[in-house]
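Please keep the sequence and the structure in view while reading.

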Amino acid sequence: MTHPTTGPVAVLGLGTMGTGLATRLLDQGVQVRVWNRTAGRTEPLARAGAVAAAHPADAVEGTSAAICTVTDGEALAAVLHGPDGIMTGGPYPGSLVCASTVAPEEVVRLTGDMHSVLDVGMLGNREHARSGELRLFVGGEERVFTAGRPLLELLSKEVVHLGELGSGMRMKLLLNLLMGIEVQALAEAVELAAATGLDRKLVLGTIAGSGFASPVMAFKSKRLAAGRFDKPDFRLSLMAKDLLLAAEQAAAAGLRLPLVDAAAQTHVRATDQGHGDEDCVAVAHALTPNPGTHT
């Protein structure tokens, strides 16, 4: 049975968050249509009741809303305007929820022909997405936000309307800026500890239990202690992308943000070393004297 607050919904892009959102909607009785560039990722959701589509245009057919959770601006442009994209047959009549982290100006540019668009910065991880415990920060016209709020509330424990289109992305970049710097600071402290003869795990436990650690530091300290960077909560390559976007936003505003610039360079270096598909705490690899030998 369709949930009374919303009609069929398309989820485009089935990475960590997209899969979580689609699962949440299915659990809430919403009819879901899914698409992913790599078709194999649609199979578990199809078994759970979603309709798998071959192309974005097929996925949004008959839907009231489409949630885009692709990796970057290039992927978003392809989903909207590429061959078999959402806009292939003309403006999409439903509401587009852009939950992909891209430059705020890019959201405005790519969705200029659409009548109802929201950009949404999501705060949370895959489990939050699956359980409806995300916090969502939304940009877009008031009328579009009001109409889209019931869907957003199905996916979250908090929904905040920030203002004009692009505001959601601005907030998301600020949040990821903080996370990137905090995780790198944690990794640097631990590398210094190890280099000066202190036990990594003891130091990590001390930091995690102190008043100096943010919740994300306490959470990521467990990964560092175990040396486990697989099955990422948030990929290193995506963090590098978002830090670069934040640096671009700062430059455009005439600001110099030294910590952001330094963190972006370190994350890019770790990505170039081959750790882009690992969890963002793998930025630690870029700090070791012999890259690739982190233990």
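Predicted model: local features only at pLDDT ≥ 70, side-chain atom pairs only at ≥ 80, totals over all residues.

When its neighbours within four places in sequence are left aside, the residues in contact with Ser100 are Cys68, Thr69, Val70 and Met169. For Val70 there is also a polar atom pair to note, as its backbone nitrogen lies 2.8 Å from a polar atom of the Ser100 side chain.

## Helix α1

Helix α1 covers residues 16-27, and its 12 residues reach 17 Å from the first C-alpha to the last, which is close to the 16 Å expected at 1.5 Å a residue. After the helix comes Gly29, which has a positive phi, near 80°.

Because 10 of the 12 residues of α1 are buried, the helix is largely enclosed by the rest of the structure. The buried residues are Met17, Gly18, Thr19, Gly20, Leu21, Ala22, Thr23, Arg24, Leu25 and Leu26.

## Packing of α8 and α11

Helix α8 (residues 167-195) packs with helix α11 (residues 236-252) at an angle of about 115°, and their axes are 9 Å apart; the crossing in which α8 passes α11 is left-handed.

On the α8 side the contact is made by Arg170, Leu173, Asn176, Leu177, Met179 and Gly180, and on the α11 side by Met239, Asp242, Leu243, Leu245, Ala246 and Gln249.

Note on methods:
Residues numbered from 1 in each chain as written. Heavy atoms only, no water. Axes fitted to C-alpha atoms, helices over the stretch in contact; angles between N-to-C directions. Helix = DSSP H or I, 4+ residues; strand = E, 2+ residues; numbered from the N terminus. Left-handed = near helix turned anticlockwise from the far one by under 90°. Contact = heavy atoms within 4.5 Å. Expected span 1.5 Å × (residues − 1). Buried < 20%, exposed > 50% of the residue type's maximum accessible area, 1.4 Å probe, protein only. Polar contact = N/O pair within 3.5 Å; in protein donor to acceptor, adjacent residues only side chain to side chain.
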